[in-house]
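Please consult the sequence and the structure while reading.

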Amino acid sequence: MTALAESSYKIPPLEEERLAISGHIVDVSPQAFKVAGLSPFVRLGDCVACPGPNGEEIGEVVRIEADSLTIKPFGNRFSRGVKAPARRIGPLTVAPSERWKGRVVNAFGMPCDGAGPLAAGDEDRLADAAPPPALRRGRVGGSVPTGVHALDIFTPLVKGQRIGIFAGSGVGKSTLMGMLARAQGFDTVVVALVGERGREVREFLEETMGGDLQKLVTVVATGDESPMMRRLAPRTATSVAEYFRDRGENVLLIVDSVTRLAHAARDVALAAGEPPVARGYPPSVFSELPRLLERAGPGLEGSGTITGIFSVLVDGDDHNDPIADAIRGTLDGHIVLDRAIAEQGRFPAVDVLKSISRLADRVWDEQQRELVTRLRSMISRYEDTRDLRLLGGYQRGNDETLDQAVDLGPHVYDYMVQHPGAITTGEPFAELSARLKKSFAAARGPAKA
């Protein structure tokens, strides 16, 4: 027993003997199946294979009892019956390599792009690995220009940061993440598409990425796949990102979306018999999410970094949704997309007043910090008086600060509007400052200027 427990997280010395340990199925339900005879030899998270005439079907152990295991299958349909054999195969691993760049794989790390076999790397990595020890991790690095004006000015990113994009459906969340995937400054980009529509995978690769896939690894689990595959895909993507990080690269990890991951984890936890505690979510969901998010960030001293961007689909535009609330406190910042801004035709629909980067002070100098503070104050004043101005209650000259907000606010908004393909590499602060100075001079008139 002790040897079995100790070898769960390393290559076991007697794997053939361990694989010979088998049991049999004693119960099958639409959500899971039970196996007897393996309880003393497995741990939560281990996988069990059930051989059959059409190959093996694999499931993960989600509950262990004295006389049986509850196993959630990775396939949508489980075709084995009672008394069918089952054997332990240990925790899932992936073996990424440099040749994975430009490829699309499923949650098991197997190719699904029709481009031929995918060579495995030299090292097997656990799909559900632990994050680096807190006191041995490096510090976050320098700034990363994304080319998205609204983010580079108001919520700048740094290497090793973890930030969330919070938005309702149809507000432009996936489009913004596609823009970020083309950002310069990263050696490798790993994208996990979790629960996406099948047609959107090709659109992302061919249109959003423009076919430029040389540094991109895409892990896909579409909405029609099982909850187990959708739950596994972000773990696999993170393991791939960790492989490149440990090689000293700066990696961008994008997970779209964490909410669909939480939905899949909820299905798995309910099948394991957990009670729902918050809007149908069992307790394990709220412990599983931080464990995944903590794997992003700086690696050990001397290695690379993983800059994590995680999208959160807020149900019904409710930003106090339990998942959004739990994730917000774990991340290093959040970008909020607002439906009202999207309805005005301003994309990306970033609400700069509600968005924040907790590491922005590492990027801004004193002048930039002062400019951002003044811009936020001006935009707040502009938005707070919108109804007053629509009703005709605003008169120029009574409030100089409001006059300035009315004159310059629309120009700030215009500068932040970008087409998905319009990624720039200029200096956003210098460009915006020049535009505002020109607009301010024009608003005052030649005599006052």
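## Salt bridges and a helix contact

Arginine 235 and glutamate 288 are both buried, a term that denotes under 20% relative accessible area, whereas exposed denotes over 50% and partly exposed the range in between (1.4 Å probe, protein chains only). The model is a predicted one, in which local features need pLDDT of at least 70 and side-chain atom pairs count only at pLDDT 80 or more, while totals for chains, interfaces and linings use all residues. Residues are numbered from 1 along each chain as its sequence is written, and side-chain values use heavy atoms, leaving out hydrogens and water.

A salt bridge is defined here as a side-chain nitrogen of Lys or Arg within 4 Å of a carboxyl oxygen of Asp or Glu. By this rule the count is 33 salt bridges. Three of these pairs are listed below.

| Pair | Closest N and O atoms |
|---|---|
| Arginine 162 and glutamate 294 | 3.1 Å |
| Arginine 235 and glutamate 288 | 3.1 Å |
| Glutamate 383 and arginine 386 | 3.1 Å |

Arginine 235 lies in helix α6 (residues 227-246) and glutamate 288 in helix α8, so this pair ties together parts 53 residues apart in sequence. Helices (H or I, at least four residues) and strands (E, at least two) are DSSP runs, numbered from the N terminus. Arg235 and Glu288 also belong to a network of salt bridges that links them with Glu60, Asp128 and Arg231.

How exposed are the partners in the other two pairs? Arginine 162 is buried, with a relative accessible area of 9%, whereas glutamate 294 is partly exposed at 32%. Glutamate 383 is partly exposed, with a relative accessible area of 28%, and arginine 386 is partly exposed at 25%.

Glutamate 383 also takes part in a contact between two helices, where contact means heavy atoms within 4.5 Å. The axes of helix α11 (residues 366-384) and helix α13 (residues 400-416) come within 8 Å and cross at roughly 100°. Axes are lines fitted to C-alpha atoms, for helices over the stretch in contact, and angles run from 0 to 180 degrees between N-to-C directions. Helix α11 is therefore roughly perpendicular to α13, the term for angles of 65 to 115 degrees. Among the residues that make the contact are Leu375 and Met378 of α11 and Leu402 and Val406 of α13.

Technical notes:
Angles under 35 degrees count as roughly parallel, over 145 as roughly antiparallel, 65 to 115 as roughly perpendicular and the rest as oblique.
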